[in-house]
Amino acid sequence: MYIGEKGEIRIYMVEEFDKELYSVEDLTAMVEEELAQWNVGGQERIRFLHVGEAAEDAKNLMLVLEYADWKAYAEHTGLGLYVGPVAQAGAQGISIQGQMADPAQEGGAVDVQTILGYGQSTLIMVEDKMKIISARPVRFLSSQAQLLDAHTVDNVAVEGMTYIVCK
């Protein structure tokens, strides 16, 4: 999952692909048909960007979708997601749960009150388990999550929601 500066969500899905069952063209048509049902009323909430063989393995296909915002992703997938200012999370019914960490400090636990002080910073709350790449660098994250680089978090080991606060 990539989260852009303007809140757009890009999903890169790599799945096993059996060329004997269907073609890339068939898959493309299926995806476009499904997205047409979501993009009603002239609003393009989900865009189909790419389908093709995954670079690392010709047996796998990569499908790339872009969601206009976190609400479109949450509606389409049924999974929890929020991307927005820390200060506005409460209005969306979101409160930060669990232990948080400051990756700049070894073993640096951070309490929720400290995080709430970063009201204009971007909060990412995600239920799905995957690598999350943010256009903005990570300031705080759920303590069970793994910071891979300044912009990338792996949340596979996190139970429940993952919380990330960006600079």
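User: What makes the largest nonpolar core in this predicted model a core, and which residues have the most contacts inside it?

Analyst: The model is predicted, and its largest nonpolar core has 43 residues. Met 1, Ile 9 and Leu 123 have the most contacts inside that core. It's called a core because its members are buried nonpolar residues joined through side-chain atoms within 4.5 Å. As a general point, nonpolar side chains tend to be buried together in soluble globular proteins.

User: And what is Met 1 in contact with, leaving aside neighbours within four places in sequence?

Analyst: The list for Met 1 includes Ile 9, Ile 11, Tyr 73, Leu 81, Val 126 and Met 130. Arg 10 and Lys 131 are on that list too.

User: Why is Ser 134 called buried?

Analyst: Ser 134 has a relative accessible area of 6%. The cut-off for buried is under 20%, so Ser 134 counts as buried. This serine is found in strand β9, residues 131–134. Not counting residues up to four places away in sequence, Ser 134 touches Ile 3, Ile 124, His 151 and Cys 166.

User: What makes the Ser 134 and Arg 136 pair a polar contact?

Analyst: A polar atom of the Ser 134 side chain lies 2.9 Å from the backbone oxygen of Arg 136.

User: Is Arg 136 buried, exposed or partly exposed, and how do you know?

Analyst: Partly exposed: the relative accessible area of Arg 136 is 28%. Buried would need under 20% and exposed over 50%, so 28% falls in between. Arg 136 sits in the loop between β9 and β10. The Arg 136 side chain also makes a polar contact with the side chain of Glu 5, at 3.2 Å. Along the chain, Lys 167 is 31 residues from Arg 136, yet their C-alpha atoms are separated by 6.2 Å.

User: Why is the pair of Tyr 67 and Tyr 73 called edge-to-face?

Analyst: A search of the whole structure finds three aromatic pairs. In the pair of Tyr 67 and Tyr 73, the centres are 5.2 Å apart and the planes make 85°. Centres must lie within 6.5 Å and edge-to-face means over 60 degrees, so this pair gets the label. Tyr 67 and Tyr 73 are buried.

User: What about Trp 70 and Tyr 82, and where do they sit?

Analyst: Trp 70 and Tyr 82 are edge-to-face as well, at 5.1 Å centre to centre with 70° between the planes. Trp 70 is in helix α2 and Tyr 82 in strand β5, twelve residues apart. Both Trp 70 and Tyr 82 are buried.

User: How do you know that β5 and β8 pair?

Analyst: They share five bridges, in the antiparallel sense. Pairing takes at least two bridges, so five is enough. Within that pairing, Val 83 stands opposite Ile 124 in β8. The open sheet they belong to has six strands in the order β5-β8-β13-β10-β6-β7, with antiparallel pairing.

User: What makes β5 and β7 edge strands?

Analyst: Each of β5 and β7 pairs on one side only.

User: And what makes strand β13 mostly covered?

Analyst: Five of the five residues in β13 are buried. Thr 162, Ile 164 and Cys 166 point one way, while Tyr 163 and Val 165 point the other. β13 pairs with β8 over five bridges, and three bridges join it to β10.

How values were computed. Residues are numbered from 1 along each chain as its sequence is written. This is a predicted model: local features need pLDDT of at least 70, side-chain atom pairs count only at pLDDT 80 or more; totals for chains, interfaces and linings use all residues. Side-chain values use heavy atoms; hydrogens and water are left out. Buried means under 20% relative accessible area, exposed over 50%, partly exposed in between (1.4 Å probe, protein chains only). Contact means heavy atoms within 4.5 Å. Helices (H or I, at least four residues) and strands (E, at least two) are DSSP runs, numbered from the N terminus. A polar contact is a pair of N or O atoms within 3.5 Å; within protein, one must be able to donate a hydrogen and the other to accept it, and residues adjacent in sequence count only if both atoms are side-chain atoms. Rings of Phe, Tyr and Trp (its six-membered ring) pair if their centres lie within 6.5 Å; planes under 30 degrees apart count as stacked, over 60 as edge-to-face and the rest as tilted.
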